[in-house]
Structures are given as C-alpha cells and as structure tokens.
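User: I have a model open and a few things to check. Can you take a look?
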Amino acid sequence: MKFMKLGSKPDTFQSDGKNVRYVASELDSDIVVSVGDVKFHLHKFPLLSKSAHLQKLVTNSSEGDGDEVHIHDVPGGPTAFEMCVKFCYGMTVTLNAYNVIAARCAAEYLGMDETVEKGNLIYKIDVFLHSTIFRSWKDSIIFLQTTKSRLHLCEEVKLISHCTDAIASKTSIDVRKVDWSYTYNRTKIQEENGSGPNSNGIRSRVVPNDWWVDDLCELEIDLYKRVMVNIKNKGIVSSEVIGEDSGEKVKAELVKRIGQQLEEASVNGLLIRATDGEATMYDVHVFHKILENFVVHNKDLKTQFEDGNEIPGVLSEASKLMVAKLVDGYLTEIAKDPNLPLSTFVGLAEMVTDFPRPSHDSLYRAIDIYLKEHPGISKNDRKRICCLMDCKKLSVDACTHAVQNERLPSRVVVQVLFFEQVRANASSGSSTPDLPKAIRNLTSASYASSRSATTNTENSEVTASAEELRALKEELAALRLANGGLNGDTKRHVDKAANGRMKSILSSKKIFTKIWSSKGRKQGENSGSDSSDSLEEAKYTPSRKGRYSVS
C-alpha cells in the first residue's frame with residue numbers, strides 16, 4: 001500500500017482524559033477548539049496561518065470569548081481534525097488509502113487551500129491522490145470504498161469521478177501487461193506469477209479479460225454501478241467482457257432479487273438494451289421476468305401474514321402502487337420502439353391490471369405513444385390496447401387530449417366524452433346520470449373477448465361518425481357554458497336538454513343497442529331483468545325540442 005508522510009517534527013499531541021487533547025509545548029495554549037465531545041487546547045498562530053475557516057471563527061468570536069470556538073460538523077470528526085492540526089504544527093502525518101479521504105474532506109471544510117498559504121494541505125493531498133493513489137489498482141478501490149460516509153462532499157470536490165475514471169482506465173489495459181498483483185482479493189499463487197520453483201519464470205495461467213471483476217464486486221452497489229457505467233462509456237472493453245460474472249444462474253438470481261424489491265427501482269435502471277440480433281430496442285423479456293417475480297413475491301408475503309397482521313398488507317398495497325407507476329413509465333419508454341409487438345406491450349400492462357392506480361394518465365400516454373409509433377396496426381388492435389385504460393381515471397387534461405386524439409378508436413372518444421359530461425354535472429352540483437351498461441361494455445373485458453366474433457360490417461355499424469363526435473363535443477361545451485352562466489330552473493333545463501341530445505346521439509346508428517342485441521337477442525324474454533335494463537339504458541328518448549341553444 002502506498003503512503004505519504006507530511007511534516008518532520010515529532011508528534012507531541014497528548015491526552016488528558018478521554019475528551020481533552022493538547023500539544024506539549026513551552027507556550028501555553030491560547031485557544032480551545034471543541035470538535036464534538038473533544039476539546040483541543042491549541043495555539044492560534046499555526047492554526048490561523050493555514051485555515052481560513054478557523055480565521056473566520058476566531059474573528060467572529062472575538063467580540064465575546066475569543067479563546068474558544070466550536071466545530072460540530074467537521075467531516076471525519078476529531079480524528080480528521082487532529083490530522084489537519086498536526087499538519088499546521090509541522091508534525092509528522094502519515095496518509096494512505098484508508099485515511100486520506102477523511103483528511104481531504106476535513107481540509108476542505110477548514111479552508112486549507114492555496115489562497116491562505118502556498119503548498120497548503122489540500123494541494124499536497126491532491127498531488128498524492130493523482131500521483132500515487134489513483135495509479136494503484138488496489139489503493140484506488142480502497143479509496144473509493146472509504147467515500148461512502150462522505151459522498152456529498154466527495155462529489156463536490158470531484159474525488160469520486162476522478163477515482164472511478166482511474167479504475168475504468170485500468171480495466172482496459174492489455175491483459176498481457178496485467179500481473180496478478182493487480183488484484184488483492186485473490187490469494188496470490190506463486191505459480192500464477194511465474195515465480196514458483198518449477199515455473200522457470202513463465203506464468204502458467206493466462207490472465208482472463210475480466211480479471212478486474214472480483215475486486216469491483218467489493219464496492220457498494222452504487223459505486224459499482226458508476227464504475228461499470230464509466231467502463232462502458234469508454235468503449236474500450238467489449239460488452240461481452242462486461243457481462244461475461246453473469247451466467248444463467250446468476251441472472252436468474254439477480255432477476256429474483258430485483259423482483260423482490262421492484263418498488264425501489266427506477267425506469268432508467270430497468271431499460272436494459274437488447275443483445276445484438278434482437279429486433280426490439282430493449283430486453284423486455286427480462287423485465288417481464290422481474291415483474292413476474294414481484295407478483296409471486298407479493299403473493300407469498302400475503303400468504304405468510306394471514307395471521308391478522310395488517311402492516312404487511314399496507315406495505316404490499318403501497319408497493320403495488322409504486323410498481324404500477326413504474327410499469328407505466330416503462331411502457332412509455334418501450335412504446336417508442338417501432339419493433340415492439342403489441343402482445344408484449346399488452347402483456348406487461350395486464351400484469352398490473354389489478355394493482356391500485358389512482359390515475360391512468362401515464363398509461364394513456366404510453367398507449368398514445370405506441371399508437372403514434374405504430375400507425376399501421378389494425379382496428380381491432382387499437383381497440384385491444386385501449387381496453388387497458390379506464391376512462392374514468394383520466395384527468396381533465398388527459399380527457400381534453402383524448403377527445404381530440406384521432407389515433408383513438410371512436411368508441412373510446414365517445415366514452416371519454418360521456419365521463420366528461422358526468423364530471424361537468426358533478427362539479428356544478430347537477431344530477432349525474434348513471435353509467436349505462438352499454439357504455440360500460442365499450443372497453444370491458446367481456447366486450448374485448450367477444451369482439452373477435454364480430455364481423456367487419458357490424459364493426460362499421462357501431463362506430464360513431466366524425467359528425468356525431470363533433471356534435472358530442474359541441475353539446476359538452478354548451479353544457480359547460482350553461483352550467484357556468486345559468487342558475488335555477490334555466491340551468492336544470494339546459495342540463496336536461498344537453499343530456500337529452502347526448503342520449504339521442506348515442507342511440508343513433510345503434511351504437512349501444514348493437515352491443516346489447518349481440519348478447520340479448522338470442523336470449524329473448526328469458527334473458528331476465530339484466531338484459532331488459534341494458535336495452536332501456538341503450539335506447540334513450542331524444543329531446544323533443546332538439547338542441548337547446550344558449551346565446
């Protein structure tokens with residue numbers, strides 16, 4: 001391990017009990033610096049000549065008791081502060097990969113830079129890091145491990161980026177120049193380095209291309225990810241080498257672990273590029289397996305806690321909510337892939353159909369992007385993908401976008417308009433009509449399963465025309481205007497007229513009776529009250545006065 005010694009004077013720091021440190025000197029101390037629970041009895045001159053922060057503290061406290069200052073948040077605590085103080089006194093300080101980060105962060109906090117004195121502690125440590133630590137494979141990894149407790153400050157002074165860049169550069173070295181001494185986790189075998197009694201100086205084992213993997217696995221997951229991203233961005237090490245410590249068993253275990261804590265993942269972290277030769281942009285199959293593991297794990301938790309403990313159930317619902325949001329975001333990204341099959345998109349969305357989703361705006365956005373990127377899909381496929389969302393859970397902004405979206409099937413636009421009318425009635429305090437069963441069937445699973453038996457002629461008959469849709473929009477606008485500007489009997493009359501016109505248009509061209517008749521016509525009088533109700537809901541009586549004009 002590399003090290004650096006600063007100063008030449010002997011260490012004269014002594015202790016008086018557990019919480020008092022002082023410098024043995026003929027001069028009495030003239031300042032007390034409290035760092036946490038430890039009091040340092042020191043001298044102003046050597047400290048203030050190298051620390052801008054201590055200069056400021058002493059100046060601000062001179063109005064009161066200028067002989068004592070308090071520092072409670074110095075990085076590294078009393079130990080790191082003492083190393084900086086020893087440097088100020090010119091005492092010997094030994095720095096290595098284990099303690100250099102604490103000294104560097106403390107020096108940054110104390111303002112020991114070149115503006116105070118040339119050749120100050122920050123400068124000397126930075127020289128040591130770049131000339132020694134970052135040139136050593138072993139020391140670089142040790143240094144990176146010690147940054148965990150001081151990530152924020154290390155990020156500010158770019159220590160982590162410098163270290164990860166140095167490590168990434170070493171992984172791309174020609175393996176013929178790599179000696180096993182590069183790795184410090186493996187047990188070094190003499191024969192491997194050509195130094196055994198029978199080796200004749202010839203190394204008996206070929207260094208693999210991924211010789212660096214074992215050492216990097218000692219890092220925390222976030223630091224490991226940063227190093228791997230840096231290695232990949234350099235483009236020197238091939239993707240095959242990067243993914244070579246990942247066999248099928250390892251991948252399966254990794255998929256399982258990710259699935260068990262999927263709610264903590266991010267969309268970007270799950271966008272895994274597909275391997276060469278794959279038609280799709282991302283490896284959606286892997287994400288499908290991860291999602292499957294989450295569903296299975298969630299069911300296992302529910303089974304384990306059937307003893308009445310409610311806390312796991314609450315956590316489970318919260319996890320489902322987060323995963324549903326995650327899946328919507330993932331679908332939004334993969335929907336941009338022109339080669340993504342519809343069945344893959346629908347399959348992922350259907351896996352979280354039963355998960356709590358207060359809003360379907362994100363799902364609508366993903367569906368709209370898919371329809372935009374795949375303009376050639378069939379009419380039935382458009383209906384199939386739109387069946388994934390619940391129009392009642394779209395926000396006002398999403399509804400406004402949907403009713404003007406020419407990519408959506410007409411039946412979906414009709415349903416959105418209906419719920420917009422319901423929302424407008426509810427917000428104004430007017431009576432809200434019940435949702436007709438025929439409208440509920442527009443995007444229901446039962447209708448989705450029965451549409452395959454519907455002929456093309458029937459499909460054309462139950463599709464609302466562009467003129468009808470425009471009329472629906474006009475009625476909705478009139479309703480809003482009327483509800484905002486009229487009161488009392490007039491408002492109720494407008495509500496009645498608008499509702500009547502809405503029902504009249506919906507009943508025209510047999511938009512809803514066609515759906516009802518496909519189920520109820522064969523049943524006749526034996527179909528019961530359910531079919532009768534559906535017919536009554538579908539066949540509205542048009543308003544006698546026609547459209548009510550508001551001027």
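User: Which residue stands opposite Phe 40 in strand 5?
Analyst: Val 33 does. Strands here are DSSP E runs of at least two residues, and helices are H or I runs of at least four, numbered from the N terminus. The model is predicted, so local features need pLDDT of at least 70 and side-chain atom pairs count only at pLDDT 80 or more, while totals for chains, interfaces and linings use all residues. Residues are numbered from 1 along each chain as its sequence is written, and side-chain values use heavy atoms, leaving out hydrogens and water.

User: How many bridges join strand 4 to strand 5?
Analyst: Five, and the two strands run antiparallel. Pairing takes at least two DSSP bridges between two strands. They form a hairpin with two residues between them, and Gly 36 in the turn has a positive phi of about 65°.

User: And strand 3, parallel or antiparallel to strand 5?
Analyst: Parallel, over three bridges. Tyr 22 stands opposite His 41 there.

User: New topic. Is His 43 buried or exposed?
Analyst: Buried, because its relative accessibility is 10%; the cut-offs are under 20% for buried, over 50% for exposed and partly exposed in between, with a 1.4 Å probe and protein chains only.

User: What is His 43 in contact with?
Analyst: Beyond neighbours within four places in sequence, its contacts (heavy atoms within 4.5 Å) include Ser 25, Asp 28 and Tyr 89.

User: Where is Asp 328?
Analyst: In helix 15, residues 311-334. Asp 328 is buried at 3% relative accessible area.
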